[in-house]
Amino acid sequence: MRLLYIITRGTPLFSYPILKKIRCFVYRKHFNAENLIVAHGVMIKPSHKNESSSISFGKNVVLDKEVLIDYTAKVTIGDFVTISEGAKVFTHNHSVDDKIDIQYSEILSNDLIIQDYVWIGANAIILPTVKKIGYGAVIAAGAVVTKEVKPYEVVGGNPAKVIKKRNIEQ
């Protein structure tokens with residue numbers, strides 16, 4: 001895990017195009033992911049490790065610069081998913097009702113499924129209340145997603161609302 005940190009966050013050396021192949025190779029091996037493309041500054045980690053903490057990637061997933069994925073709960077990312085620059089995916093929160101000091105409060109987490117052909121736009125935030133992002137959905141840049149996104153929906157805003165349904169020939 002230390003090597004993964006050095007390659008992705010610890011030094012800008014691995015941001016050079018020639019060394020990007022090494023970074024992607026290490027991620028592919030570590031997460032057993034086929035054709036995973038990972039830009040510089042990506043952070044994939046469980047914020048609070050527990051027995052359900054896990055992440056799996058489908059084929060041809062792209063994680064752009066400065067993406068953060070918290071897999072305190074189980075995260076499943078499908079095939080041909082793109083998560084754009086600065087997007088953040090959270091699977092946990094802290095209870096605000098049980099202790100005055102939030103850092104010692106109960107950890108609440110939800111599993112997340114991101115189905116195939118999803119595009120999560122730049123600086124979008126997926127909150128831990130989201131359980132599924134449907135097949136072919138698009139999350140607009142800067143959107144704050146608080147609930148499930150159905151297949152082919154395009155959502156945007158804060159909180160994210162449906163903007164339209166994609167007109168895709170199937």
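This is a short tour of the structure, stop by stop, with something to select at each one.

Before you click, note that this is a predicted model in which local features need pLDDT of at least 70 and side-chain atom pairs count only at pLDDT 80 or more, while totals for chains, interfaces and linings use all residues. Residues are numbered from 1 along each chain as its sequence is written, and side-chain values use heavy atoms, with hydrogens and water left out.

**Stop 1: the four-strand sheet**

Select β3, β6, β11 and β14. They form an open sheet in the order β3-β6-β11-β14, with parallel pairing. Strands here are DSSP runs of E with at least two residues, helices are runs of H or I with at least four, and both are numbered from the N terminus. Two strands pair if DSSP finds at least two bridges between them. At the edges you'll find β3 and β14 (132-133), each pairing on one side only.

Now pick out β6, residues 74-77, and show its side chains. Buried means under 20% relative accessible area, exposed means over 50%, and partly exposed is in between, using a 1.4 Å probe and protein chains only.

Look to either side of β6. Strand β3 (residues 54-57) runs parallel to β6 and is joined to it by four bridges. Ser-54 stands opposite Lys-74, and Phe-57 has Ile-77 as its bridge partner. β11 (residues 112-114) also pairs with β6 in the parallel sense, over three bridges, with Leu-112 as the partner of Val-75.

**Stop 2**

As a rule, nonpolar side chains in soluble globular proteins tend to be buried together.

What is Ile-77 in contact with, leaving aside its neighbours within four places in sequence? The list includes Ile-55, Phe-57, Val-61, Ile-69, Ile-83 and Ile-114. Contact means heavy atoms within 4.5 Å.

**Stop 3: Asp-70**

Go to Asp-70, in strand β5 (residues 68-70). Asp-70 is buried yet has no salt bridge, and the nearest side chain of opposite charge, Lys-45, is 6.7 Å away. For charge, Lys and Arg count as positive and Asp and Glu as negative, with His and the chain ends not counted. A salt bridge needs a side-chain nitrogen of Lys or Arg within 4 Å of a carboxyl oxygen of Asp or Glu. Instead, look towards Thr-91: the Asp-70 side chain reaches its backbone nitrogen at 3.0 Å.

**Stop 4**

Zoom in on β17 (residues 153-156). Glu-153 and Val-155 point one way, Val-154 and Gly-156 the other, and all are buried. On one partner, β15 (residues 138-139), two bridges make a parallel pair with β17. With β18, β17 pairs in the antiparallel sense over four bridges. Val-155 is the bridge partner of Ile-139 and stands opposite Val-162 in β18.

**Stop 5**

Where is the cis peptide bond? It runs from Asn-158 to Pro-159, with omega near -5°. Pro-159 is in the loop between β17 and β18. Also select Asn-123, which has a positive phi of about 60° although it is not a glycine, and Tyr-152, with a positive phi of about 65°. Most residues other than glycine have a negative phi, and most peptide bonds are trans.

Methods
A polar contact is a pair of N or O atoms within 3.5 Å; within protein, one must be able to donate a hydrogen and the other to accept it, and residues adjacent in sequence count only if both atoms are side-chain atoms.
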